[in-house]
Amino acid sequence: MNSLYDLPAPAKLNLFLHVTGRRDDGYHLLQSAFMLVDWCDVLHIERRAGSQISREDLGAALPADDLCLRAARLLQQATGCTQGAHIAIDKRIPAQAGMGGGSSDAATCLLALNRLWQTGLAREQLLALALQLGADVPFFVGGHNAWVEGIGEQLTPIELPPARFVIIKPPGGLATAAIFSSPLLKRATERAIIAVFAANQYGFGKNDLQDAACRLDGGVARAIGWLQSLGFSGKMTGSGSAVFAHLPENRSENFNEIFSSRPADLADWDLKVCDNMRLHPLAGWSISDSSSVVVKA
């Protein structure tokens, strides 16, 4: 096997995001539920002779040293692998959206190269590498929707019912550091438990970063207001700036038609109607994925 094509790297939504405290080292303590959706980047990876790692951007240009390149080099270093690879990325998930696109790309690289190079790492070993790349990368390597705690590194796999969502991304991006340093940010939301979340998965909680984000980028508030005018409850995902809303099954409208008739000032914004995913499309690509325990939420 010398190549793997059409590898999906799905986005995630934070169904809620609560800031429950702050550690002495400055990191914020969080609670959230991460959910996979079928808005995906697509990667193509070819094995190359020699140890060189290269990247080709098929869509939007990425930073010169992105997480995919770092993931490939980290796997080489951890395993002593002397093989190389060429990674082509068709970037479809909006950047600076709070949807984890870069982290998902890195996770897909780890899972694919572990198979292509036959390095044989188990899921637990890949998760340890993923955490070195960023707080969201282990979620995508883990492959399950998850209840998230700590600074984002504590993951409990959960099951979520099938559902559909609209996601809209304003043109501006948000700096995570600016949000977490905002005086509008509340850092003492009461801790929740999975059982309470399970009673209303798609209506539970709020995003504690949203007020600060709305102050920094008026597009977030504009997106929430527009969805509200259509009868949907919008919420920012992650540290933004994308906003999403659950589309109830009891509404019979053609959602794609509804959202295609956007106000002129929203006409060029990224928008997609998405289904959630039960598992990452590459779940099972490491040798110990079958050992995970999933909590019914």
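Across the interface of domain 1 and domain 2 of this predicted model, one salt bridge is found, a salt bridge being a side-chain nitrogen of Lys or Arg within 4 Å of a carboxyl oxygen of Asp or Glu. A salt bridge joins E149 and R191, whose closest N and O atoms are 2.7 Å apart.

On the side of domain 1 that touches domain 2, at least two residues each are supplied by β1 (3-22), β2 (28-48) and β5 (146-149). Strands (E, at least two residues) are DSSP runs, numbered from the N terminus. The largest share of this side, eleven residues, comes from β1. By residue class, this side of domain 1 comprises 16 nonpolar, nine polar and four charged residues; Ala, Val, Leu, Ile, Met, Phe, Trp, Tyr, Cys and Pro count as nonpolar, Asp, Glu, Lys and Arg as charged, and the others, Gly among them, as polar.

The domain assignment, which is automatic or from a database, places residues 3-157 in domain 1 and residues 164-275 in domain 2. The contact, defined by heavy atoms within 4.5 Å, takes 29 residues from domain 1 and 39 residues from domain 2. The two domains bury about 2,700 Å² between them, 65% of it on carbon and sulfur atoms; buried area is the accessible area (1.4 Å probe) that two parts lose on being put together, summed over both. In domain 1, L15, V19 and W39 lose the most area to domain 2, together 21% of what that side buries.

H28 lies in strand β2 and counts as buried at 9% relative accessibility, where buried means under 20% relative accessible area, exposed over 50% and partly exposed in between (1.4 Å probe, protein chains only). The side chain of H28 makes a polar contact of 2.8 Å with the side chain of R187. Beyond residues up to four places away in sequence, H28 touches several others, including V19, F180 and L185.

Residues are numbered from 1 along each chain as its sequence is written, and side-chain values use heavy atoms, with hydrogens and water left out. In this predicted model, local features need pLDDT of at least 70 and side-chain atom pairs count only at pLDDT 80 or more, whereas totals for chains, interfaces and linings use all residues.

Terms used
Helices (H or I, at least four residues) and strands (E, at least two) are DSSP runs, numbered from the N terminus. A polar contact is a pair of N or O atoms within 3.5 Å; within protein, one must be able to donate a hydrogen and the other to accept it, and residues adjacent in sequence count only if both atoms are side-chain atoms.
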